[in-house]
Amino acid sequence: QLMRFPSPEALSLARAAEVFERTLQLVRQEVEHGMKLNLEDSEFSYSELISPSHLRLIANLSGCSAHQSTVNCSDRICFHQRYRTSDGTCNNFQHPMWGAALTPFRRLLKPIYENGFNTPVGWNRSHLYFGFPKPSSRRISTEVLSTSTTTPDTRYSHMVMQWGQFLDHDLDLAVMSSSEVTFNTGLRCNETCDNEPPCFPIEIPPGDPRIHHRCMEFRRSSAVCGTGSTSLFFNEVTPREQINTLTSFLDASNVYGNNDLYA
């Protein structure tokens, strides 16, 4: 159970990305209020508004620059040749950061963001897909995925699901936003039904069998420094990526820990 909560290092990484992202959002808002500049242009760059030195300063003050992970496997080469590490680094000498804790998830398919790089599908509730708005995930849960009957299985027991869950807890854990309040208004995520970063509440449809208020609290996962909005600091726009706090190896890190302190 301990390993299902982010480590202090993971929270520090998440907080750095959020501070950097929020700072750039504030810059953009001020520009929208005071300058005539096309911020919808896909070629938009913060370097047009902030000098490179100030961008570097923001990155350093937020902590984003400090979290650009590198590792030198030769420092403990004798150890690495015989043993795997608790945090997954240097398990592959050609790619020493592959599968390491506190690194971005690897994708099999390209991400689908509503604005192309960092807002989730359904963020803009007026946005239509094939002429229709996206339904509430709660409605999908209660009307499509739920069942009123349970069918016994003669081959598989509940242990199949439990073992799959155990393996999942060994492979991945995304870091939730370190903030529980909206960046703009300061309202807690359980006090608002508006999509305001980092809050992404789930709307409750009328007639829900169990929940009788308007929405359910939900927070977005934190971004990796240098992706999404903060990728503009690195002179390119890359999709928002998420942090895996665990190693992606089947190494029982959910039992023994994924860093030297817990291990």
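**Note on the predicted model: patch, cores, disulfides and backbone**

1. Tyrosine 256 lies in helix H6. Helices here are DSSP runs of H or I with at least four residues, strands are DSSP runs of E with at least two, and both are numbered from the N terminus. The model is predicted, so local features need pLDDT of at least 70 and side-chain atom pairs count only at pLDDT 80 or more, while totals for chains, interfaces and linings use all residues. Residues are numbered from 1 along each chain as its sequence is written, and side-chain values use heavy atoms, with hydrogens and water left out.

2. Tyrosine 256 counts as exposed, at 56% relative accessibility. The classes are buried for under 20% relative accessible area, exposed for over 50%, and partly exposed in between, with a 1.4 Å probe and protein chains only. Tyr256 belongs to a nonpolar surface patch that also contains Met159, Trp163, Phe166 and Val255. Together these residues have about 570 Å² of accessible area, computed by the Shrake-Rupley method with a 1.4 Å probe, where for residues only the protein chains shown count as cover.

3. Patch membership requires over 30% relative accessible area and no salt bridge; nonpolar side chains (Val, Leu, Ile, Met, Phe, Trp, Tyr) are joined within 5 Å, and like charges within 9 Å. A salt bridge is a side-chain nitrogen of Lys or Arg within 4 Å of a carboxyl oxygen of Asp or Glu. H5 gives the most to the nonpolar patch, with 3 residues.

4. On the interior: nonpolar side chains tend to be buried together in soluble globular proteins. The largest nonpolar core here has 9 residues, namely Ala16, Ala17, Phe20, Leu24, Leu55, Ile58, Ala59, Cys64 and Cys225. Helix H1 (8-34) and H2 are the elements that give two or more residues to this core, and H1 gives the most, with 4 residues. Apart from this core lies another, of 6 residues, among them Ala10, Ala14, Val224 and Ile243. A nonpolar core is a set of buried Ala, Val, Leu, Ile, Met, Phe, Trp, Tyr and Cys residues joined through side-chain atoms within 4.5 Å.

5. The structure holds 3 disulfides, where a disulfide is a pair of cysteine sulfur atoms within 2.5 Å. One of them is formed by cysteine 73 and cysteine 90, with sulfur atoms 2.2 Å apart. The pair links distant parts of the chain, 17 residues apart: cysteine 73 is in the loop between helix H2 (52-62) and H3, and cysteine 90 in the loop between H3 and E1. The disulfide is left-handed because the torsion about its S-S bond is about -95 degrees. Cysteine 73 counts as buried at 10% relative accessibility. By contrast, cysteine 78 counts as exposed at 58%.

6. Cysteine 189 is joined to cysteine 199 by a disulfide, S to S 2.0 Å. Both cysteines lie in the loop between H5 and E2, so the pair ties together parts that are 10 residues apart in sequence. Cysteine 189 is buried at 2% relative accessibility, and cysteine 199 is buried at 0%.

7. Cysteine 193 and cysteine 215 also form a disulfide, with 2.1 Å between the sulfur atoms. Cysteine 193 lies in the loop between H5 and E2 and cysteine 215 in strand E3 (residues 215-216), so parts 22 residues apart in sequence are tied together. The link is left-handed, at -80 degrees about the S-S bond. Cysteine 193 is buried with a relative accessible area of 15%; cysteine 215 counts as buried at 12%.

8. Backbone points to check follow. Most residues other than glycine have a negative phi, and most peptide bonds are trans. The peptide bond from proline 197 to proline 198 is cis, with omega near 0 degrees. Proline 198 is placed in the loop between helix H5 (158-171) and strand E2 (202-203).

9. Cysteine 90 has a positive phi, near 65 degrees. Cysteine 90 sits in the loop between helix H3 (77-82) and strand E1 (103-104) and is buried, with a relative accessible area of 2%. Alanine 252 has a positive phi as well, near 60 degrees. Alanine 252 is in the loop between strand E4 (243-244) and helix H6 (253-256) and is partly exposed, with a relative accessible area of 22%.
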